[in-house]
Amino acid sequence: MIKINNLGFNYGEKVVLNNITMTLKDGRIYGLLGENGVGKTTLLTLLCGLKNVKTGSIDIDGYNPYKRLPSFLANQFYLSDEVAEVNMTASDYAASYGKFWHKFDIGKFHELMSVFENDPSWKMNRMSFGQLKKTYISFALSCNTKYLFMDEPTNGLDIPSKAQFRKAITRYTSEDSTILISTHQVRDLENIIDPIIILDKQDVLLDATVEEISDKLFFDYSSERKPEALYSEMTPGGNIQVYLNSEKKESKINTEALFNAVHAHKDLIKSLFRK
Amino acid sequence: MFMKYFIFELKDIMARSWLPVLLCGLTPVFLLVLTWIYMTSAHVMDWHIGGEMTMGAVCFAVSVFFFLFFPIYTYGKITDRKLGSQYLMLPVSSSLKFASAVMISVVVIPLIFILLVLGSDALMAFLFPERVTTTQVELLCNSFWGSEDPNSMIFRLHILSPIFLPFMVSSAGLCGAVLFKRRKATKTFITSVISFIAVCLLYSLISKEYKNCGYTPDFLGSGFVWTWLIFQTVAALCCLAYVFYRIRKTEL
């Protein structure tokens with residue numbers, strides 16, 4: 001379990017995260033959403049141990065990530081938004097680096113590369129950005145770690161690859177894995193992320209499961225405009241409106257509309273989902 | 001676990017860096033070729049490359065640059081967001097990463113380099129005996145078993161350099177690799193030069209003070225070589241201590 005307690009972080013005088021407290025339970029795929037510069041990458045790098053907290057604490061199964069103990073590092077994988085071009089074939093890379101993660105499965109790596117239609121015999125420094133990203137995604141999933149932190153994993157992927165990524169995340173991760181995916185391209189990860197965390201400047205606006213969100217908010221796809229809508233937008237198929245679910249009706253969440261509704265009514269949403 | 005990681009890192013580094021190591025190690029070959037070209041174009045027929053004054057000086061200079069810049073080329077990635085993340089997130093302890101970095105950049109690669117230099121120099125002397133009259137190996141042997149004064153410059157260059165030079169200069173290079181974020185090579189070189197000048201100035205000041213008193217202690221006089229080596233060893237250890245600290249505490 002990941003326990004974040006009164007977490008604060010700043011770059012010099014610029015405070016990015018302030019008094020963040022949340023618990024990430026095992027076996028979930030968390031979506032970490034937020035505008036540019038709110039601290040999504042910072043939070044991920046704090047969780048994997050690349051940065052040290054300024055205030056507060058992070059506890060992951062009893063470990064302080066910043067200590068970077070091998071036993072902690074072997075149980076997690078951090079996939080950065082910018083990946084390194086290495087002068088070796090994808091296959092050689094997986095064979096060399098994979099042996100440091102005790103659950104790494106080379107067969108799974110090759111299977112995932114095949115799913116992504118990526119050739120493991122190609123040299124990584126000759127691949128396009130998208131191909132390189134898919135190689136690292138395949139490697140990350142093949143490490144079979146308990147914690148997987150992914151920063152904008154669908155950046156650079158073409159449309160078919162995004163669909164392949166969604167399939168790979170659901171099919172090739174174990175039930176007890178905790179995955180935290182940060183993105184601002186919410187449509188890429190719709191239907192796979194649950195719960196959803198929305199960060200704002202120095203604040204957490206929302207940290208709730210899809211069930212909790214559906215219980216409190218209603219997503220209306222009809223063409224009838226409702227004045228009490230928290231957010232509404234015209235789409236090619238009609239309208240999408242978000243309003244309070246006073247009648248406890250069921251609806252399918254539209255993550256983008258949710259994001260916009262949350263930002264339009266920050267205080268209301270915070271009080272609605274306060275735990 | 002150390003051997004597993006050490007072999008992994010050594011293979012990775014050799015795959016990336018075998019060419020620069022080889023090219024620098026073949027300095028005697030390049031020097032001979034360049035001298036041959038120059039002398040031929042100047043229509044000088046009877047020439048040869050001498051021992052310490054030409055080949056030794058060039059090899060010494062190339063060695064210093066190689067030992068200083070190779071660790072930067074290899075381990076400068078630690079402060080890079082992409083490659084550094086990969087390095088820091090590898091499930092190996094910071095102590096092992098540090099030990100491996102020191103073994104590779106201060107011991108293994110310098111040893112390979114020195115063997116290449118001495119080997120290619122000996123090969124050139126064997127193939128072209130009229131052009132290469134004294135090899136670096138011969139000079140080393142003369143110094144070890146000959147009657148050279150232990151305090152002479154030649155003795156220092158030939159005996160102490162292969163042993164202490166890689167340790168001192170590579171440690172400084174490794175320190176520069178983790179200390180600076182940008183323009184690592186330039187900043188490390190400038191810092192090293194300034195530090196060297198500062199130490200020389202300090203030595204001059206201390207010597208002058210003692211001379212004014214009419215007394216020169218051993219550590220500044222006949223035993224200065226060892227004073228200098230002890231000082232450089234301590235400085236190298238301080239550099240390595242900083243490298244260890246940075247591997248443990250770097251934030252990206």
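## Interface of chain B and chain A

Between chain B and chain A, twelve residue pairs are in polar contact, both at pLDDT 80 or more; such a contact is a pair of N or O atoms within 3.5 Å, where within protein one must be able to donate a hydrogen and the other to accept it, and residues adjacent in sequence count only if both atoms are side-chain atoms. On the side of chain B that touches chain A, the elements giving two or more residues are helix H1 (2-25), helix H4 (81-88) and helix H9 (224-249) of chain B. Helices (H or I, at least four residues) and strands (E, at least two) are DSSP runs, numbered from the N terminus. H4(B) gives the largest share of that side, six residues. By class, the side of chain B that touches chain A holds eleven nonpolar, four polar and seven charged residues. Ala, Val, Leu, Ile, Met, Phe, Trp, Tyr, Cys and Pro count as nonpolar, Asp, Glu, Lys and Arg as charged, and the others, Gly among them, as polar.

This is a predicted model, in which local features need pLDDT of at least 70 and side-chain atom pairs count only at pLDDT 80 or more, while totals for chains, interfaces and linings use all residues. Residues are numbered from 1 along each chain as its sequence is written, chains are lettered from A and ligands numbered from 1 in the order in which they are written, and side-chain values use heavy atoms, with hydrogens and water left out.

In contact (heavy atoms within 4.5 Å) are 22 residues of chain B and 29 residues of chain A. Two salt bridges are found across the interface, a salt bridge being a side-chain nitrogen of Lys or Arg within 4 Å of a carboxyl oxygen of Asp or Glu. One salt bridge joins A:Glu82 and B:Arg81, with the closest N and O atoms 3.2 Å apart.

## Sheets of chain A

Two strands pair if DSSP finds at least two bridges between them.

| Strand order (chain A) | Pairing |
|---|---|
| S2-S1-S4 | antiparallel |
| S10-S12-S11 | antiparallel |

In the S2-S1-S4 sheet of chain A, strand S2 (14-24) and strand S4 (55-60) of chain A each have a single partner strand, so one side of each is left without a neighbour in the sheet. Seven bridges join strand S1 (residues 2-11) of chain A to S2(A), and A:Phe9 has A:Leu17 as its bridge partner in S2(A).

In the open sheet S10-S12-S11 of chain A, the edge strands are strand S10 (217-220) and strand S11 (231-235) of chain A. Four bridges join S10(A) to strand S12 (residues 238-244) of chain A; the bridge partner of A:Leu217 in S12(A) is A:Leu244.
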